[in-house]
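Subject: Structure handover

Dear colleague,

Please find the structure below, followed by an account of what was found in it. I would be grateful if you would read the two side by side.

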Amino acid sequence: MRILVVGGGCGGTILANNLARRLASEIRNRKVRITMLSASDKHMYQPGLLYVAFGQMMPDELYRDQESLLEPCIDFHVDPVEEFHLDQNKVKTKSGKTHEYDTLIIATGSRIVPEEVPGLTEGSETFYSEASAVKMFKRLREFEGGKVAIVVGVPHKCPIAPVEITFALHDYFKARGIRDKVHIKYHYPIGRIHTIENVAIWAKPEFDRIGVEYETLFNVKEVDVENQIVKSEEGTETEYDLLISIPPHRGMEVIEKDKLGAGGWIPTDRYQLTMEGHDNVYVLGDTTNLPVSKTGSAAHFEAEVVAENISSIIKIGAPVREYDGKVYCFIEAGHDRATYAMFNYQNPPNLKSPNKSMHWFKMSYNKMYWTSVRGLL
Amino acid sequence: MSECKTIDARDTFCPGPLMELITYMKQANVGDTLELLSTDKGTASDVPEWIKKVGHEMVSSEKVGEVWHLTVRKTK
Ligand SMILES: Cc1cc2nc3c(=O)[nH]c(=O)nc-3n(C[C@H](O)[C@H](O)[C@H](O)COP(=O)(O)OP(=O)(O)OC[C@H]3O[C@@H](n4cnc5c(N)ncnc54)[C@H](O)[C@@H]3O)c2cc1C
């Protein structure tokens with residue numbers, strides 16, 4: 001049995017390690033082989049970018065060598081897939097190699113596409129990559145006051161990021177003693193300030209309390225960089241001195257090119273996590289088309305379900321679990337308080353008031369991630 | 001040629017039905033029709049509000065059992 005994992009990020013790594021432990025004896029007896037193909041020899045802890053943007057973490061703290069995170073029996077190659085041939089159960093890689101499989105897991109994540117919004121790349125700061133987060137920090141340091149606008153592209157990973165960045169900006173300018181010189185305006189695509197109703201209900205009075213203005217039903221259409229104006233699809237506009245964006249996302253180009261899913265989002269069964277029409281192909285994390293938050297947390301819980309099912313199919317011939325849509329997100333409510341949202345397909349999150357201990361739990365999790373991704377937590 | 005696509009946004013709290021619709025709207029071509037399925041009670045008012053403000057066309061809205069079926073057309 002040849003198991004091929006494409007993508008060595010959050011979901012792919014948890015899945016591969018979990019599977020390697022469940023199938024340790026089958027791997028020893030050479031009945032099962034696990035191969036992982038990824039695009040990088042480094043693994044990035046992406047949530048850390050939020051802290052890099054405020055000078056609270058250094059970029060080098062975000063990385064580990066991917067191989068060091070994997071069970072030694074996993075055959076790991078930095079050789080990204082360039083062609084998927086699902087009808088022939090094989091993929092072709094950048095180096096020209098062909099890998100055949102019996103079971104395929106696709107966990108290639110998502111990418112930012114700010115270029116889809118004219119002016120967004122040149123006109124805004126963001127924190128969705130290492131370089132942009134460092135650049136944003138330097139820009140924030142130089143900022144002495146004026147109008148800050150926050151805009152949100154659709155779809156985007158980490159749906160909590162828009163509110164987190166807003167609270168963090170407030171605390172940052174306050175700590176620098178210039179909050180009274182900064183006007184913060186938050187823009188959100190739908191008719192309330194967060195898509196999760198209970199997050200919106202909690203965050204609205206918090207925004208009022210800290211003096212953050214908000215405009216809803218604002219889908220960013222273009223940025224007039226010269227005149228420093230951001231315009232919405234809905235016909236409104238906002239002037240800014242500093243524009244912060246959560247860029248829109250797509251899945252990886254290879255997913256679109258090989259027609260696995262429009263926009264790079266692969267049609268996925270919401271309970272079994274198999275690709276529609278392909279029972280031996282599983283899809284994890286950001287690249288699914290599921291109506292589930294694009295978060296490391298969703299990728300983690302999905303990976304556990306898929307690992308358990310692939311292993312049980314090998315051992316007893318049937319899957320044993322379904323994914324229930326579970327997501328657990330920390331919500332940083334500034335630089336020293338946090339809360340969390342836990343929900344699934346059926347149950348909405350019930351938000352608690354932010355407190356210092358949740359913030360310190362999140363700070364610890366920033367380190368514990370490396371244990372979690374090894375599949376030990 | 002215009003297409004009709006169904007978006008299954010039943011039982012989702014995040015990203016939620018309207019966010020899902022906006023995602024698929026961006027991928028659609030002018031003239032395409034999208035049918036949104038939702039179990040969220042707010043959808044019946046949230047979606048028409050956005051469609052009106054942004055300037056697309058609301059084709060129909062009906063509740064079948066526990067599921068809202070909202071059909072919209074991309075006009076620009
Ligand atoms: C600023 C920021 C803050 C965030 N905060 C949080 C948070 O607080 N909580 C949370 O849960 N999530 C958060 N996230 C989201 C989280 O990081 C992602 O949702 C998660 O990493 C998705 O996991 P994944 O396995 O789907 O993709 P990724 O972890 O992105 O991994 C994709 C992998 O696929 C590889 N790959 C790409 N193309 C190919 C190819 N062609 N062939 C082979 N391999 C390929 C890549 O090299 C990479 O290893 C945040 C993200 C950002 C950017």
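**Backbone features**

A:Leu217 lies in the loop between strand 13 (212–215) and strand 14 (220–224) of chain A; helices (H or I, at least four residues) and strands (E, at least two) are DSSP runs, numbered from the N terminus. Although A:Leu217 is not a glycine, its phi is positive, at about 50 degrees.

This is a predicted model, in which local features need pLDDT of at least 70 and side-chain atom pairs count only at pLDDT 80 or more, whereas totals for chains, interfaces and linings use all residues. Residues are numbered from 1 along each chain as its sequence is written, chains are lettered from A and ligands numbered from 1 in the order in which they are written, and side-chain values use heavy atoms, with hydrogens and water left out.

Two cis peptide bonds may be of interest to you. One joins A:Val154 and A:Pro155, with omega at about -10 degrees; A:Pro155 sits in the loop between strand 11 (146–152) and helix 7 (161–175) of chain A. Another joins B:Cys14 and B:Pro15, with omega at about 15 degrees, and B:Pro15 belongs to the loop between strand 1 and helix 1 of chain B.

**Strand pairing in chain B**

Strand 1 (residues 4–9) and strand 2 (residues 33–38) of chain B run parallel and are joined by six bridges; strands pair if DSSP finds at least two bridges between them. Within this pairing, B:Thr6 of chain B has B:Glu35 in strand 2 as its bridge partner. From strand 1 the chain passes through helix 1 to strand 2 of chain B, a right-handed β-α-β crossover (with the strands pointing away from the viewer, the path from the first strand over the helix to the second runs clockwise).

**Interface of chains A and B**

In chain B, 22 residues are in contact with 33 residues of chain A (heavy atoms within 4.5 Å). The area buried between the chains is about 2,200 Å², of which carbon and sulfur atoms give 55%; buried area is the accessible area (1.4 Å probe) that two parts lose on being put together, summed over both. On the chain B side, B:Phe13, B:Cys14 and B:Met19 lose the most area to chain A, together 30% of what that side buries.

**Salt bridges**

The rule finds one salt bridge across the interface (a side-chain nitrogen of Lys or Arg within 4 Å of a carboxyl oxygen of Asp or Glu). A:Arg270 forms a salt bridge with B:Asp8, with the closest N and O atoms 3.4 Å apart.

Over all chains, the search finds 24 salt bridges. One of them pairs A:Glu308 with A:Arg22, the closest N and O atoms being 3.9 Å apart. This pair links distant parts of the chain, 286 residues apart: A:Glu308 is in helix 10 (residues 296–316) and A:Arg22 in helix 1 (residues 10–22) of chain A.

With kind regards
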